[in-house]
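Please read the numbered points with the model open beside you.

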Amino acid sequence: FFFDVHPPLGKMLIAGMGYTTGYNGTHPFEKPGDPYDDHSYMGMRVGCTLLGCAIVPFSFLTVWQFTHSLTASCLAAAFLIFDIGVIVLNRYILLDPILLFFISGSVFAMASFRSVKEPFTTAWWSWLTLTGAMLAGAISVKFVGLFVVLYVGIFTIGQLWFILGDVSKPFLYTLKHFIARAICLIAVPIVLYISFFYIHLTILSKSGSGDG
């Protein structure tokens, strides 16, 4: 067991990357710049890099969903591809590439959900549920992920207000939309968040420094 200021999902993913690629868990990671010597660390670096790189297609597809402009979508992707901060950040074993993956995934899933015209279809439920799952991932890596929860929440309130204003539909129709969003955007993230902590505490069941 160890104490950390962040929720456990990000470091569990990094640990899983290391475990599956031969890392034995003995490198202390005490300060940046320490040599890795013979420790197998490339799996963790590659895993973080791949997740960080996913924000490029996510951004392209998100802008496409909002604008249907190939020029705007290519510009959005290019800005990220040639951003020095993103390039540097994605080279290291950090939580930030994982966080950016879930944040950009949340916005993409929300934009895709917005583009589904027919409510309560399989595609409609799938994108709504994926949005909730991505939100759970974001807040389960770092609490700063709550900002994307706020963004999606404001978007959802706007959608519900627009639906409520449609006088051609009965109030029960609005209630169905509210319940669907409450399940997928509130209940699903809460269940997943608690599940990540359950897995974390199940795996790290032994006492260690910082356990109080």
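1. **A buried serine.** Ser 73 has a relative accessible area of 0%, so the residue is buried. Buried means under 20% relative accessible area, exposed over 50%, and partly exposed in between, with a 1.4 Å probe and protein chains only. Ser 73 sits in helix α4. Helices here are DSSP runs of H or I with at least four residues, strands are runs of E with at least two, and both are numbered from the N terminus. What does Ser 73 touch, leaving aside neighbours within four places in sequence? Its contacts are Phe 60, Val 63, Trp 64 and Thr 67. Contact means heavy atoms within 4.5 Å.

2. **Basis of the note.** This is a predicted model, in which local features need pLDDT of at least 70 and side-chain atom pairs count only at pLDDT 80 or more, while totals for chains, interfaces and linings use all residues. Residues are numbered from 1 along each chain as its sequence is written, and side-chain values use heavy atoms, with hydrogens and water left out.

3. **Another residue of α4.** Ala 77 is also found in helix α4. Its relative accessible area is 9%, so Ala 77 counts as buried. Not counting residues up to four places away in sequence, Ala 77 touches Val 56 and Phe 60. Phe 60 is also on the contact list of Ser 73. His 39 is another matter: Ala 77 and His 39 are 38 residues apart in sequence and 34 Å apart in space, C-alpha to C-alpha.

4. **Two positive phi values.** Check His 68 first. Its phi is near 55°, a positive value in a residue other than glycine. His 68 lies in the loop between α3 and α4 (70-81). It counts as exposed because its relative accessibility is 51%. Phe 120 also has a positive phi, near 65°, and is not a glycine either. Its place is the loop between α6 and α7. Phe 120 counts as partly exposed, because its relative accessibility is 30%.

5. **The nonpolar core.** Which residues have the most contacts inside the largest nonpolar core? They are Ile 14, Phe 102, Leu 128 and Val 141, in a core of 32 residues. At least two residues of this core come from each of α1 (9-20), α2 (42-53), α6, α7 (122-141), α8 and α9. The largest share is that of α6, with eight residues. A nonpolar core is a set of buried Ala, Val, Leu, Ile, Met, Phe, Trp, Tyr and Cys residues joined through side-chain atoms within 4.5 Å.

6. **Val 141 in detail.** Leave aside neighbours within four places in sequence. Val 141 is then in contact with His 6, Pro 7, Leu 9, Gly 10, Leu 95, Ile 98, Leu 99 and Phe 102.

7. **Cysteines.** How many disulfides does the structure hold? It holds zero. A disulfide is a pair of cysteine sulfur atoms within 2.5 Å. For Cys 48, the nearest cysteine sulfur is that of Cys 53, 11 Å away. Cys 48 counts as buried because its relative accessibility is 0%. Cys 184, with a relative accessible area of 2%, is buried too.

8. **The cavity.** The whole structure has one cavity of 30 Å³ or more. On a 1 Å grid over the protein atoms alone, a cavity is a set of points where a 1.4 Å probe fits but cannot get out; a pocket is an open set with protein on both sides within 12 Å along at least five of seven lines; lining residues have an atom within 4 Å of a point. The largest cavity holds about 40 Å³ of space. A volume is the space filled by probe spheres set on the points, and grid points are joined across faces, edges and corners. Its lining includes Met 110, Leu 128, Gln 159 and Arg 181. The elements giving two or more residues to this lining are α6, α7, α8 and α9. The largest share, four residues, comes from α8.

9. **The second largest pocket.** This pocket has a volume of about 410 Å³. It is lined by 19 residues, and Arg 114, Val 116, Lys 117, Gln 159 and Phe 162 lie nearest its centre. Here α8 gives the most to the lining, with four residues.
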